[in-house]
Amino acid sequence: QGGAAALGTGSGRGSALGSGLGGGARPQPVTVSPVPLRCGLAAGRSYSGGSAYPSVSLTCPLPGVPKAVFAAAESRERFETRVTVLENGLRVASQNKFGQFCTVGILVNSGSRHEAKYLSGISHFLEKLAFSSTAQFGSKDEILLTLEKHGGICDCQASRDTIMYAVSADAKGLDTVVNLLADVTLQPRLSDEEIEMTRMAIRFELEDLNMRPDPEPLLTEMIHAAAFRDNTVGLNRFCPVENTDKINRDVLHSYLSSYFTPDRMVLAGVGIEHEHLVECARKYLLGVQPVWGSGQGRAVDRSVAQYTGGIIKVRGGGGIQYLAGIC
C-alpha cells in the first residue's frame with residue numbers, strides 16, 4: 001500500500017494507476033493528447049537498443065538551411081555556330097565554346113556509297129592511310145611528334161558518306177593544326193610501302209573478323225545490304241579480300257581527284273574564334289594544288305539511295321549463320 005500511495009501522489013495517469021493498486025477501486029481510463037505535427041527535426045524516437053532515430057519531414061524545409069536558389073534559363077551560355085564559304089567553295093564552320101583545347105576537323109563528302117564506279121574498299125584504304133607521310137611530314141611519327149608539342153591527338157574515320165580527319169589540341173596551336181590537316185588531306189604521299197602495309201592491315205582485320213565474328217558490324221553491313229541492295233548506302237563499307245591487291249596509288253588518285261574537291265569539304269572547329277579559323281583556312285586551304293593534280297576524275301556519283309528490301313544470309317566461322325531481312 002505504501003508503494004501504491006507513492007505512485008498515487010501524482011496527477012493524471014499516475015493517479016489513476018495509484019488508485020488501481022490501492023484497493024478495489026475501478027481503474028480510470030487514460031486520456032492521451034495527440035502530438036501536433038512539427039516540421040523540421042522532431043524529437044528522437046527511442047528503441048530497445050537505446051539509440052534514437054530522428055524523424056525528419058520529407059515535405060517541410062529543414063530549419064536553419066538557406067533556401068535553394070536555382071539558375072535561371074536565361075543565364076545559360078549560348079554557343080553560336082557560324083559558317084563562312086570561301087571563294088573555292090570550301091565551307092568553314094565553328095562554334096564559340098571557348099576553353100584551353102579545341103577540336104578541328106576536315107570532313108569530306110565521300111565514302112563507300114560513292115564507290116559504285118570504282119573498286120569497292122577505297123574508303124577503307126584511305127581511312128588506314130590517314131596521317132601517314134605527306135609533303136611536309138616525312139612519316140606518321142613526325143606528325144605525332146608535331147601534335148605532341150601542342151598536347152594533340154589525331155583520328156580518321158570513314159563512314160558510308162563521310163570521311164573525317166580530326167585533331168584535338170591546345171587552342172594556341174590552331175595554325176599548326178590546320179596546316180597539318182590540309183597537308184594530310186591534300187598532300188599525302190601514298191608511298192608503295194605505306195600502301196603495302198595498309199593491305200596487310202586490312203587483310204588481318206578481315207581475317208580476324210571472319211575467325212572471331214563481331215555481330216554488331218556484320219549485322220549493320222547486312223541490314224544496309226538487304227535494304228539497299230547493290231546501290232549507295234548498301235555498298236560494302238569494308239574492302240573485299242579480292243580488291244586488296246587491286247587498289248594502288250593510281251586508283252586512289254583517280255578517286256581523290258573526283259571527290260576530294262573544296263566544294264565537297266567542310267573545315268569545322270569547336271573551341272576557337274571563327275575569324276581565326278577562317279584566316280587559317282584561307283592560308284592553307286585556298287588555292288592549294290593537291291598532289292593528284294587539278295584534273296577532274298570520273299563523274300561524281302549523285303545517285304539517290306533506292307530502297308529495295310530483301311534477305312541477306314552469311315555463314316561465318318564455326319558454322320554460325322547470320323541472317324538479316326528487311327521487308
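In which helix does H253 lie? In this predicted model, H253 belongs to helix 8, which spans residues 249-259. The protein as a whole has nine helices and ten strands, and ten salt bridges are present in the structure.

**Surroundings of H253**
- H253 counts as buried because its relative accessibility is 18%, and the cut-off for buried is under 20%.
- Apart from neighbours within four places in sequence, H253 contacts L190, V291 and W292.

**Overall fold and surface**
- Of the 327 residues in the protein, 36% are buried.
- The accessible surface amounts to about 19,700 Å², and carbon and sulfur atoms account for 55% of it.
- Among contacts between residues at least 6 apart in sequence, 73% join residues at least 24 apart.

**Salt bridges**
- E275 and R82 pair through their side chains at 2.8 Å, N to O. E275 is in helix 9 (residues 274-284) and R82 in strand 3 (residues 81-85), so this bridge ties together parts 193 residues apart in sequence. E275 is partly exposed at 46% relative accessible area, and R82 is partly exposed at 35%.
- K283 and D175 form a salt bridge whose closest N and O atoms are 3.5 Å apart. This pair links helix 9 with helix 5 (residues 174-186), across 108 residues. K283 is exposed at 53%, whereas D175 is partly exposed at 27%.
- R249 and D192 meet in a salt bridge at 3.0 Å, N to O. R249 lies in helix 8 and D192 in helix 6 (residues 192-211), so the pair connects parts 57 residues apart in sequence. R249 is partly exposed at 29%, while D192 is exposed at 55%.

Definitions and conventions
Residues are numbered from 1 along each chain as its sequence is written. This is a predicted model: local features need pLDDT of at least 70, side-chain atom pairs count only at pLDDT 80 or more; totals for chains, interfaces and linings use all residues. Side-chain values use heavy atoms; hydrogens and water are left out. Helices (H or I, at least four residues) and strands (E, at least two) are DSSP runs, numbered from the N terminus. Buried means under 20% relative accessible area, exposed over 50%, partly exposed in between (1.4 Å probe, protein chains only). Contact means heavy atoms within 4.5 Å. Accessible areas come from the Shrake-Rupley method with a 1.4 Å probe; for residues, only the protein chains shown count as cover. A salt bridge is a side-chain nitrogen of Lys or Arg within 4 Å of a carboxyl oxygen of Asp or Glu.
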